[in-house]
Amino acid sequence: MTIKVSLFIATLILPQIAQANIATLEQAIDVAISNDPWLKSSQYKRSAMQSMSREALSYPDPQVSIGMMNLPVDSWEFNQEGMTQLKVGVMQMLPRGDSLEIKSQQLALDAKKQPILQADRKAQVRRDVSQVWLDIVQAKKTLELIERDSVLFDQMVEIANASYSNALGATRQQDVIRAQLEVMQLDDKRSAAYQQLNTAKAKLSQWLLNDAFTNSNALSVLEQNEVTLPLIRSIAPKLMQQRPVDSQAVVQHLTHHPLVVAADVDTYRANQGVKLAEQAYKPQFSVNASYAYRDDAPDQMSRTDFFSVGVSFDVPLFTDGKQDQQKAAATAQVEASKTDRLLVLKQLFSNLNGEIQTIQRLQERQSLYAKSIVAQSAEQAEAALTAYTNDDGDFSEVVRARIAKLNAQLSALSIDIALLKAVVRSNYYLVQIEEDASHE
């Protein structure tokens with residue numbers, strides 16, 4: 001029992017000692033991609049499809065038959081009758097038309113599709129990890145702003161209490177209560193920020209854990225007193241900066257998105273399915289050969305052995321109920337895959353267009369806060385404090401101005417984070433893969 005407990009404690013402590021510090025967003029993304037089980041599963045699927053593609057080119061195994069023919073039932077003697085034979089035969093089925101090559105090509109396309117889906121998965125991981133990372137940064141910077149102002153609010157409460165207790169100045173009881181209430185609300189904001197931070201940490205650990213659930217990487221950035229917003233740029237700045245948005249250029253760009261390229265592969269695979277259905281109209285041949293051994297006659301007269309060879313094939317005459325229906329189904333599958341591709345492209349275009357509009361509005365708000373609101377709220381807070389210290393202002397106005405300044409800074413931070421998240425999401429839609437999916 002003691003050994004089991006020690007091992008359990010070791011599994012909790014040793015990974016923490018061997019942790020690799022992650023200080024940047026790119027490092028977190030690299031670790032998340034390297035630990036992603038989906039990507040590993042996709043690689044195995046690709047290997048399986050490649051093996052199946054090679055296997056599909058193989059002919060069916062030949063069939064061997066061994067039989068005793070025309071054995072007399074009155075004596076069961078092998079050499080009594082001249083028709084008695086020991087026959088060994090072999091039959092080989094041949095593929096119908098080019099069906100083996102087409103099936104192999106379909107499986108090869110399935111294997112080829114996996115790296116395309118892997119590119120999309122990596123883009124998804126980058127998007128999701130970046131958004132969680134930004135949640136962590138927002139929580140940390142929110143705590144920085146709150147901690148910086150909490151000291152001032154505590155001092156204001158002390159000043160208000162002292163002034164009210166000594167009946168100095170114009171400080172009233174409601175001013176003291178107001179200051180205490182603002183401090184409590186500030187504590188609530190601090191608790192909410194810690195809750196956001198802990199939730200984001202838990203979400204990020206999903207991406208950083210390895211297959212053994214033990215490599216929970218320490219985030220050194222979380223231990224720093226100050227954090228900075230990561231630098232995230234658009235991967236297609238010219239396209240994103242167009243005013244108005246060039247829809248044709250956006251659609252042309254999106255045709256190289258991994259999801260669209262994967263849909264192109266599905267369409268070509270469906271076309272191969274039509275070709276495979278057409279092979280059903282061709283006959284399927286089989287070749288057979290046999291060797292029949294005969295024993296010498298009872299009078300020792302030699303008997304000649306026999307060799308036989310033949311070809312058999314089916315004749316697809318009644319195609320209405322089978323071959324025609326198979327081809328119709330394959331043709332419908334082609335049209336369905338084309339429609340699926342169009343649906344994917346429309347969704348990507350709609351989502352990207354929405355992100356472009358969001359980025360434009362957030363940039364306008366960011367500029368407004370940076371140039372006016374934050375600066376003016378800071379000036380107002382300083383002016384209110386100066387007026388109060390000179391016995392020319394109201395204490396409640398000082399509190400309101402300080403709260404307005406903090407709220408403006410928090411709002412500006414929220415806009416900065418929202419803008420970066422919008423860029424991250426748009427970058428997912430702007431990802432391209434150089435893959436020739438036409439196969440024509």
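**Briefing: strand pairing and aromatic pairs in a predicted model**

S290 stands opposite S308, a residue of strand β4. This detail belongs to a predicted model, in which the chain of 440 residues has 37% of them counted as buried and a secondary structure that comes to eleven helices and four strands. The points below begin with confidence and then turn to the chain, its strands and its aromatic rings.

**Confidence in the model**
- The average pLDDT of the chain is 84, and 82% of the residues score at least 70.
- Residues 1-19 call for caution, with pLDDT under 50 throughout and six contacts beyond four places in sequence in the model.
- Where pLDDT is low, the predicted coordinates should not be read in detail.

**The chain as a whole**
- Of the contacts between residues at least 6 apart in sequence, 81% join residues that are at least 24 apart.

**Strand pairing**
- Strand β2, which covers residues 85-93, runs antiparallel to β3 and is joined to it by eight bridges.
- Within this pairing, L86 has Y293 of β3 as its bridge partner.
- Strand β3 also pairs with β4, again in the antiparallel sense and over eight bridges.

**Aromatic pairs**
- The structure holds three aromatic pairs, and one of them is formed by F285 and F313, whose rings are tilted, with 5.2 Å from centre to centre and 40° between the planes.
- Because F285 lies in strand β3 (residues 285-293) and F313 in strand β4 (residues 306-313), this pair ties together parts that are 28 residues apart in sequence.
- Both partners are partly exposed, F285 with a relative accessible area of 34% and F313 with a relative accessibility of 49%.
- Another pair is that of Y428 and Y429, which is edge-to-face because the ring centres are 5.3 Å apart and the planes stand at 65°, an angle over the 60 degrees that this class requires.
- Y428 and Y429 are both buried.
- The face of Y428 also has a charged neighbour, since R127 lies over it at 4.6 Å from the ring centre.

Technical notes
Residues are numbered from 1 along each chain as its sequence is written. This is a predicted model: local features need pLDDT of at least 70, side-chain atom pairs count only at pLDDT 80 or more; totals for chains, interfaces and linings use all residues. Side-chain values use heavy atoms; hydrogens and water are left out. Rings of Phe, Tyr and Trp (its six-membered ring) pair if their centres lie within 6.5 Å; planes under 30 degrees apart count as stacked, over 60 as edge-to-face and the rest as tilted. Helices (H or I, at least four residues) and strands (E, at least two) are DSSP runs, numbered from the N terminus. Buried means under 20% relative accessible area, exposed over 50%, partly exposed in between (1.4 Å probe, protein chains only). A charge sits over a ring if NZ of Lys or CZ of Arg is within 6 Å of the ring centre and within 35 degrees of the ring normal. Contact means heavy atoms within 4.5 Å. pLDDT is the predictor's confidence in each residue, from 0 to 100. Two strands pair if DSSP finds at least two bridges between them.
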